Amino acid sequence: MTMLKELAAELIGMFVGEKRVTISVLAMVAAAGSLVDLIGLGGAALLFLCLILLIESVCRSARASTS
């Protein structure tokens, strides 16, 4: 039981560790969900939005480490 509590705490800590990424992921999921209802392109939109978020996050991290 203790291991499950530690695992849950770690997952929650990873999810809320960086507020900008957390908000972006939630916005992406909401956008993809609305696109599924509107035109049926939720999966493709989610893929491209995740790739954009990943590239932006890596670029921000690289800028922060060089300065």
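1. Setting aside neighbours within four places in sequence, the contacts of T22 are with F15 and V16. The model under review is a predicted one, and the points below should be read accordingly. T22 itself belongs to helix α2, which covers residues 19–38. Its relative accessible area is 11%; T22 is therefore classed as buried, since the cut-off for that class is under 20%.

2. As to the overall fold, the chain contains three helices and zero strands. In sequence order the pattern reads α-α-α. Two of these helices carry the residues discussed here: helix α2 holds T22, and helix α3, residues 42–66, holds R60.

3. The C-alpha trace extends over about 45 × 40 × 15 Å along its principal axes.

4. Of the 67 residues in the chain, 10% are buried. T22 is one of the residues classed as buried, and R60 is another. The accessible surface amounts to about 5,400 Å², and carbon and sulfur atoms account for 75% of that surface.

5. The charged side chains comprise 5 positive and 5 negative groups. The centres of the two sets are 8 Å apart. Side chains of opposite charge can pair when their charged atoms come close. In this chain, the count of salt bridges is one.

6. Which side chains form a salt bridge? The partners are E56 and R60, with an N to O distance of 2.4 Å. Both residues lie in helix α3, and because they are four residues apart there, about one helical turn separates them.

7. The two partners fall into separate accessibility classes. E56 has a relative accessible area of 32% and is therefore partly exposed, as its value lies between the limits of 20% and 50%. R60, at 18%, is buried, because its value is under 20%.

8. Leaving out neighbours within four places in sequence, R60 makes contact with E18 and R20.

How values were computed. Residues numbered from 1 in each chain as written. Predicted model: local features only at pLDDT ≥ 70, side-chain atom pairs only at ≥ 80, totals over all residues. Heavy atoms only, no water. Helix = DSSP H or I, 4+ residues; strand = E, 2+ residues; numbered from the N terminus. Buried < 20%, exposed > 50% of the residue type's maximum accessible area, 1.4 Å probe, protein only. Areas by Shrake-Rupley, 256 points an atom, 1.4 Å probe, with all protein chains shown as cover. Lys, Arg positive; Asp, Glu negative; His and termini not counted. Charge placed at Lys NZ, Arg CZ, Asp CG, Glu CD. Contact = heavy atoms within 4.5 Å. Salt bridge = Lys/Arg side-chain N within 4 Å of Asp/Glu carboxyl O.
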